[in-house]
Amino acid sequence: AEVLGVTATLLYLLLAHRARRPLLAGAAWGFASITRAPLLFSGIYFLLEVLAGGEGPAGGAGLFRRLRDPATWRDRDRWRKVGLFALGAAPLLLLAAWLTWARFGSPLDFGHAHFWNNRVNPDIQRHGLFSLHYLERQLHAAFTRLPHLENGRLAWDPQGMSLFLTTPLFLWLLWPRERPRLHAALWLAAAATALPGFLYQNTGYVQFGYRFSLDWTPYLFGLLALGGRTMGPAFWAAGLLGVAVNAWGALAFTGGVN
């Protein structure tokens, strides 16, 4: 699901750029959404490209200025693109809704409330599938959880590991040199897609790293590309560190090292 979701998201981003191919963008987004439910929220990216894309002032200020302009909302061509996007997404989303209705009695029930004899069932019964109660553990798994010593050896935690260790290049996102047209749209899409996972009852266990981040990683790499930072020695060192950490993870996860 993660591999297909990332692949479909990358295709969706290409097709949604400046809303040039709305029908195909909708189809790619629909496919992504039925692989991973949080990707449903990434539809905001296409809407922003339709309503506030094109030439004009750069950065978040320009984006929100266009969204406040009444002419933006009266443009029939923009709404035609939204309609084509919905038409492209409809076949797969309607099929998925019918299948979930047939299985669980509701088109919006994706089955996770029906876990049987699962270790997280007490939390689900007490707080539901999504709750602010889970936010702290999710943020810890995504950003601050680190490897630890276990019997004198370095070990990884199956609950998660900081993205700043598995992908140190993400540190460059904190200090972009430039904020071009897509900067705000990419951040908003990443945030909208990440939010359901941050409120979910499970961190992704068992995993090396924080696998739910794959839902929004394409948007973060887009921000890296647009940030205007040069790929100097520190950038390459961070990239190679990420490769080394994940090589350790690949070996450890398959039993090659402990």
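Analyst: Start with Glu2, which touches Arg36, Arg211, Phe212, Leu214 and Asp215, leaving out residues up to four places away in sequence. Contact here means heavy atoms within 4.5 Å. This is a predicted model: local features need pLDDT of at least 70, side-chain atom pairs count only at pLDDT 80 or more, and totals for chains, interfaces and linings use all residues. Residues are numbered from 1 along each chain as its sequence is written, and side-chain values use heavy atoms, with hydrogens and water left out.

Glu2 sits in helix α1. Helices (H or I, at least four residues) and strands (E, at least two) are DSSP runs, numbered from the N terminus. Glu2 is buried, at a relative accessible area of 13%. Buried means under 20% relative accessible area, exposed means over 50%, and partly exposed lies in between (1.4 Å probe, protein chains only).

Now the charged partner. Glu2 and Arg211 form a salt bridge through their side chains, at 3.3 Å from N to O. Glu2 belongs to α1 (residues 2-16) and Arg211 to the loop between α10 (183-198) and α11 (217-226), so the pair ties together parts that are 209 residues apart in sequence. A salt bridge is a side-chain nitrogen of Lys or Arg within 4 Å of a carboxyl oxygen of Asp or Glu. Arg211 is partly exposed, with a relative accessible area of 30%.

By this rule there are ten salt bridges. One of them pairs Asp75 with Arg78, at 3.4 Å from N to O. Asp75 is partly exposed, at 28% relative accessible area. Another joins Arg126 to Asp123, with the closest N and O atoms 3.6 Å apart. Both of these residues lie in helix α7 (residues 121-127), three residues apart, about one turn of the helix. Arg126 is exposed at 59% relative accessibility, whereas Asp123 is buried at 16%.

Arg36 leads on to the largest pocket. Ser33, Arg36, Ala37, Pro38 and Phe110 lie nearest the centre of this pocket, which 39 residues line. Its space is about 940 Å³. The elements giving two or more residues to this lining are α2 (22-35), α6 (76-104) and α10. Helix α6 gives the most, with eight residues. By class, the lining has 25 nonpolar, eight polar and six charged residues. Ala, Val, Leu, Ile, Met, Phe, Trp, Tyr, Cys and Pro count as nonpolar, Asp, Glu, Lys and Arg as charged, and the others, Gly among them, as polar.

The terms rest on a 1 Å grid over the protein atoms alone: a cavity is a set of points where a 1.4 Å probe fits but cannot get out, a pocket is an open set with protein on both sides within 12 Å along at least five of seven lines, and lining residues have an atom within 4 Å of a point. Points are joined across faces, edges and corners, and a volume is the space filled by probe spheres set on the points.

Helices α9 (163-166), α11 and α12 (233-253) each supply at least two lining residues. The largest share, four residues, comes from α12. The lining divides into eight nonpolar, seven polar and two charged residues.

Tyr210 carries the view into the largest nonpolar core. This core has 46 residues, and those with the most contacts inside it are Tyr12, Tyr45, Phe46, Tyr210, Trp216 and Tyr219. Helix α10 provides the largest share, seven residues. A nonpolar core is a set of buried Ala, Val, Leu, Ile, Met, Phe, Trp, Tyr and Cys residues joined through side-chain atoms within 4.5 Å. In soluble globular proteins, nonpolar side chains tend to be buried together. Beyond its neighbours within four places in sequence, Phe46 is in contact with Tyr12, Ala16, Ala19, Pro22, Ala25, Lys81, Val82 and Phe85. A second, separate core of six residues includes Trp156, Met161, Val245 and Ala252.
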